[in-house]
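Here is a quick tour for anyone meeting this structure for the first time. Have the model open and follow along.

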Amino acid sequence: MFLSRRFYIVLILLILLIAAGYLAAPLFHIGRWLLLVFVCVTIAEAVVLYHRHGIEASRLCADRFSNGDENKVTLQVVNHYAFPVHVEVIDEAPAVFQRRDVYFRERIPSNEEQSISYSLRPVSRGIYSFGRIRVFATTVLGLVQRRFTCGEPVEVKVYPSYLMLRQYELMAISNNLQETGIKRIRRVGNHTEFEQIKDYVQGDDYRTINWRATARRHQLMVNVYQDERSQQVYSVIDKGRVMQQAFKGMTLLDYAINASLVLSYVAIRKEDKAGLITFADTFDSFVPASRQSGHMQTMQEALYAQQTVFGETDFSALCAHVNKYVSKRSLMVIYTNFMGVVSLKRQLPFLQQLNRRHRLLVVFFDDMELHDYISTPEEDTESVFQHVIAEKFVYEKRLIVNMLRQYGILSLLTTPDQLTVQVVNRYLEMKKQGLLT
């Protein structure tokens with residue numbers, strides 16, 4: 001049993017009233033009788049609250065949370081009392097969220113249920129533990145509170161952003177992917193598989209004219225091609241210390257994992273095979289490229305517990321194991337980060353080696369905080385030097401793109417929040433241009 005704030009306020013007022021009896025005797029007798037009534041009312045309220053187990057509460061949430069997304073949690077509180085109650089509900093959310101606002105005040109009529117919803121946004125994968133639900137109930141008098149401990153402690157696994165994956169899936173079904181920035185790419189093109197012969201219409205490439213069919217039909221006929229099927233697309237994720245940098249609470253590794261899942265989903269819908277490779281100072285995980293049913297769940301399970309390491313990335317180990325496990329020419333989308341030209345030059349021989357056997361797309365990140373800092377005014381000499389250093393870092397990022405282009409390696413420099421859209425668009429462009437072979 002807990003005595004409420006209102007109880008102590010009324011008690012203090014009664015004590016002051018009794019103390020005022022030293023100045024006026026009638027006030028002393030009035031105060032005594034009011035104190036007696038107050039004690040009786042308090043006891044009666046406690047008896048009413050404790051005569052039965054009148055409150056039940058439960059927590060409804062998904063068995064797994066989506067990293068980087070808002071995940072809904074619903075608390076259901078049931079009042080079994082024959083009178084309305086005022087409740088204070090505290091949910092013991094996982095400590096990693098550091099939430100101090102999971103506290104709700106509600107009025108619940110007799111024999112009715114009240115639903116309370118809030119959302120949690122995890123920024124790292126792992127196991128999150130919920131505690132109990134604490135409910136403090138009181139009557140309309142509000143002098144005494146009874147605490148109810150409800151619900152059971154549960155553990156929720158935080159997976160890579162499957163909500164984003166589901167969003168892209170729904171948009172793909174309704175052909176609304178353009179709303180997220182995904183470009184619409186025609187699936188016809190050159191140097192791909194033959195599909196059919198059709199009548200020539202204005203805008204068709206004259207190089208696809210089928211002269212034999214034209215001679216037979218006495219009108220222009222053209223060959224129609226479609227993208228090659230069953231091409232392999234591997235998401236290669238660097239787990240070294242360069243991927244520990246955070247943006248809006250999430251590490252670059254988490255952004256890369258979310259983007260790789262969406263890219264794999266889009267590739268499978270384009271009838272390509274999606275695979276996964278993770279590496280750091282050693283070669284880590286390998287999921288062979290496939291488009292069978294349940295393959296996306298396999299990739300999610302493989303990415304669930306991936307964490308960055310403090311060591312430097314070993315691209316030589318990546319090359320050795322890719323040559324061993326991936327025999328067919330594939331598209332390798334490498335998610336990594338280069339802090340400068342020097343770090344690129346250390347890994348450039350290995351990137352060239354991979355690019356000779358596969359089509360390589362190197363994805364690395366632009367630092368928006370540096371751009372924001374550069375746009376701020378220069379206040380003194382020290383800030384001038386800091387602006388120059390920041391501009392040097394930004395310039396080196398663009399220089400890395402040019403260096404990779406010189407060696408025939410495709411690259412993509414993007415901000416973390418635009419990573420998914422940019423990677424999918426680049427994949428679709430490469431597929432249209434026949435660059436995956």
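## A buried isoleucine

Isoleucine 116 has a relative accessibility of 4%, so it counts as buried. Keep in mind that you are looking at a predicted model. You'll find isoleucine 116 in strand E7, which covers residues 113-120.

What does isoleucine 116 touch, once neighbours within four places in sequence are set aside? The contacts are Val73, Thr74, Leu75, Val77, Val89, Phe104 and Glu106. Take valine 73: it sits 43 residues from isoleucine 116 in sequence, yet the two C-alpha atoms are 8.4 Å apart in space.

Most residues other than glycine have a negative phi. Look for asparagine 111 in the loop between strand E6 (103-108) and E7. Its relative accessibility is 55%, so asparagine 111 counts as exposed.

Glutamate 271 also has a positive phi, near 65°. With 26% relative accessibility, glutamate 271 counts as partly exposed.

## H5 alongside H6

Now for a pair of helices: H5 (residues 252-269) and H6 (residues 295-304) pack with their axes 11 Å apart, at an angle of about 165°. That angle is over 145 degrees, so H5 and H6 are roughly antiparallel to each other. On the H5 side, the contact is made by Ile257, Ser260, Leu261, Ser264, Tyr265 and Ile268, while H6 brings His295, Met296, Met299, Gln300 and Leu303. As for handedness, the crossing of H5 and H6 is right-handed.

## H8 and its kink

Helix H8 spans residues 341-357, 17 residues in total, and runs 24 Å from first C-alpha to last, close to the expected 24 Å. Where does H8 kink? Look at glutamine 347, shortly before proline 349, where there is a kink of about 50°.

Glutamine 347 is also among the buried residues of H8, together with Val341, Ser343, Leu344, Leu348, Leu351, Leu354 and Asn355. In an α-helix, residues three or four places apart point the same way, because there are 3.6 residues a turn. The cover over the buried residues of H8 includes helices H7 (315-325) and H10 (381-406), along with strands E19 (331-335) and E20 (359-365).

## H7, from its own side

H7 has buried residues too: Phe315, Ala317, Leu318, Cys319 and Val322. These pack against H8 and E19, and also against strands E14 (232-238), E17 (273-279) and E18 (283-290).

Terms used. Residues numbered from 1 in each chain as written. Predicted model: local features only at pLDDT ≥ 70, side-chain atom pairs only at ≥ 80, totals over all residues. Heavy atoms only, no water. Helix = DSSP H or I, 4+ residues; strand = E, 2+ residues; numbered from the N terminus. Expected span 1.5 Å × (residues − 1). Bend = angle between axes of the 7 residues up to and from the residue. Buried < 20%, exposed > 50% of the residue type's maximum accessible area, 1.4 Å probe, protein only. Contact = heavy atoms within 4.5 Å. Axes fitted to C-alpha atoms, helices over the stretch in contact; angles between N-to-C directions. Parallel < 35°, antiparallel > 145°, perpendicular 65-115°, else oblique. Left-handed = near helix turned anticlockwise from the far one by under 90°.
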